[in-house]
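Visitor: May we look at the model together before turning to its details?

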Amino acid sequence: MRTSKEYDWMLVSSHLFAHHARLKDQPDVPKFSYIHTPGRYIWTPEMDPRGNGRLARAVAPYLRHRDLAASRFSGKLAANSHFIQDRIRECWDRDASVLHPPVQVNAIASAGDWSDLLSPAEARVFHTLPSTFVLGASRLVAYKRLDTVIEFGAATNIPVVIAGSGPEAARLKVQADAAPTSVTFVGKVSDAMLYALYQRALALIFPAIEDFGIMPVEAMAVGTPVIGPMTGGVAETVVEGVSGWRMFDFEDRSEMASALSHVESLSPEACSEYAMKFDASVFRQGLETWMGLNLGIDPEGAITCDRQI
């Protein structure tokens, strides 16, 4: 916020190096850094393929040194999950508050039947899908583990729908061709189509270990339960017996079947109601409390938390 020629404070949203930013003419301005994660490809390369290249490995020690130094002048820190709060402590030896990102839960939940809002082309695709299916949705990249969603469908004898595009598409389609159950790829979809798929799905299968995970909350907003891992941000949004189920081992077929049986009887209303704790309005209140300010701004304009498919 600017008064005359000076800034009163600066708010930074960082998933890599944005928290290094400083005001040259106002080095002492109060700074608030909202951290989605310390740079994964330098601190946790096992979770980010970009950290496995020869060049990335060569420069990682230097970048970690610079990043650690920058964390000392990153001001007041907030993490987007307890999972990231722990990573900040491990990487930077700093404490951070926890402020879950904004999700448009109320808007998604109150729109009614999303299939009524599809374009004619999307509606044609939507109405050809199986009446019952489990859903996998994300960018088609390795760490999202969409191959596990196909395995889940095979283990439970439930059709699978995959939404998204990316470099893993060809490999996943080869796997799908050999699967004993039907697997339908719908490609990159609009928000309306994604929400309609959530509504139709028996469950969203979300095996990736994410820093937070926007998509599981969106699915819960329309009353669809989520089956996710025991670790990562999903462990903070999925409540067993309310909004979904969490699994220890996504390669254990008996555990897959057990997880599906647990979510089939969950209440869509309870699931949607629980998701409201992650609504953008809750984020705005938390952001203002954390900063100790009345911002008077749109929370989505302050912090961008996009999911890509």
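Visitor: Which residue of E11 is the bridge partner of Leu204?

Guide: The model is predicted, with local features requiring pLDDT of at least 70 and side-chain atom pairs pLDDT 80 or more, whereas totals for chains, interfaces and linings use all residues. Residues are numbered from 1 along each chain as its sequence is written, and side-chain values use heavy atoms, without hydrogens and water. Strands E10 (residues 203-205) and E11 (residues 226-229) run parallel and are joined by 2 bridges; strands are DSSP E runs of at least two residues, numbered from the N terminus, and a pair needs at least two DSSP bridges. In E11, Leu204 has as its bridge partner Val226.

Visitor: Which strands stand at the edges of the sheet?

Guide: The open sheet has 6 strands with parallel pairing, in the order E9-E8-E7-E10-E11-E12. Two strands have a single partner each, so one side of each lacks a neighbour in the sheet. These are E9 (183-187) and E12 (244-247).

Visitor: What angle does the direction of H8 make with that of E7?

Guide: H8 packs on the sheet, touching E7, E8, E9 and E10 (heavy atoms within 4.5 Å). Axes are fitted to C-alpha atoms, for helices over the stretch in contact, with angles from 0 to 180 degrees between N-to-C directions. The angle is about 150 degrees.

Visitor: Is Thr148 buried or exposed?

Guide: Thr148 lies in helix H6 (residues 146-156; DSSP H or I runs of at least four residues). Its relative accessible area is 8%; under 20% is buried, over 50% exposed and in between partly exposed, with a 1.4 Å probe and protein chains only. Thr148 is therefore buried.
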